[in-house]
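Subject: The structure, and what turned up in it

Hi,

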Amino acid sequence: MSQPVRLPFDPIARAAQLWRARWGQDSRAVSMASATSIMRVQQLLLGQFDAIAGRHGLSFARYEALVLLAFSREGRLSMSRIGERLMVHPTSATNIVQRLVAQGFVERVPNPADRRSAFAVITDAGREAMEAVTADLEGADFGLSMLDAEQHEALFSLLRTVRVGARDFDA
């Protein structure tokens with residue numbers, strides 16, 4: 001993972017100042033700064049997660065698919081269900097599964113109820129890789145070790161409010 005550029009100032013705070021100067025005190029400068037901060041933190045976390053998963057031959061997206069399969073009742077899911085749960089396009093889900101199959105972490109098995117579809121089934125090697133990445137993510141406190149328990153709860157609650165407002169799921 002490449003190290004972020006270390007600026008001598010907060011570029012998002014500076015952007016908010018410039019926003020207010022350009023569009024006025026009643027503009028949505030704070031909303032812009034909040035949204036931009038969320039996107040920047042997502043970039044930082046994803047970079048760290050990909051680096052951690054990469055030590056085990058995975059991307060974070062493939063790790064997420066393995067976790068999803070491990071959490072399923074039978075250790076298997078259809079391609080459409082994987083795409084739905086990972087909130088990615090079906091083509092992306094298929095690509096993720098194909099890469100996991102090539103690595104021996106997943107097997108594709110025919111769906112006996114529908115010959116046109118297949119299930120992705122996690123293998124023992126897939127479970128081992130998933131557990132190793134999980135241990136490393138836990139060890140890194142998911143990149144959020146600078147927050148205490150109360151801050152984690154507050155952050156989750158705030159972000160959940162945004163997700164509910166966007167109708168991300170049925171609340």
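**The aromatic cluster**

F49, F60, Y63 and F142 form one aromatic cluster. Before the details, a word on the basis: this is a predicted model, in which local features need pLDDT of at least 70 and side-chain atom pairs count only at pLDDT 80 or more, while totals for chains, interfaces and linings use all residues. Residues are numbered from 1 along each chain as its sequence is written, and side-chain values use heavy atoms, with hydrogens and water left out.

Rings of Phe, Tyr and Trp (for Trp, the six-membered ring) count as a pair if their centres lie within 6.5 Å; planes under 30 degrees apart are stacked, over 60 edge-to-face, and the rest tilted. By this rule there are 4 aromatic pairs. One of them is F49 with F60: the ring centres are 4.9 Å apart and the planes are at 45°, so the pair is tilted. This pair links distant parts of the chain, with F49 in helix α2 (residues 29-54) and F60 in helix α3, 11 residues apart. Helices here are DSSP runs of H or I with at least four residues, strands are runs of E with at least two, and both are numbered from the N terminus.

F60 also pairs with Y63, with centres 5.7 Å apart and planes at 35°, so that pair is tilted too. F60 and Y63 are separated by about one helical turn, because they sit 3 residues apart in α3. Both F49 and F60 are buried (under 20% relative accessible area; exposed is over 50%, partly exposed in between, with a 1.4 Å probe and protein chains only). F60 comes in at 12% and Y63, also buried, at 7%.

Have a look at S72 in the loop between α3 (60-71) and β1 (76-78). S72 is buried, at 14% relative accessible area. Its side chain reaches the backbone nitrogen of G75 at 3.0 Å, and the side chain of S72 reaches that of R76 at 3.0 Å.

**α4 against α5**

Helix α4 (residues 79-86) and helix α5 (residues 90-102) pack at about 110°, with axes 8 Å apart. The axes are lines fitted to C-alpha atoms over the stretch in contact, and angles run from 0 to 180 degrees between N-to-C directions. The two helices are therefore roughly perpendicular (65 to 115 degrees; under 35 is roughly parallel, over 145 roughly antiparallel, the rest oblique).

On the α4 side, M79, I82, G83 and L86 meet A93, I96 and V97 of α5 (heavy atoms within 4.5 Å).

Cheers

Conventions: A polar contact is a pair of N or O atoms within 3.5 Å; within protein, one must be able to donate a hydrogen and the other to accept it, and residues adjacent in sequence count only if both atoms are side-chain atoms.
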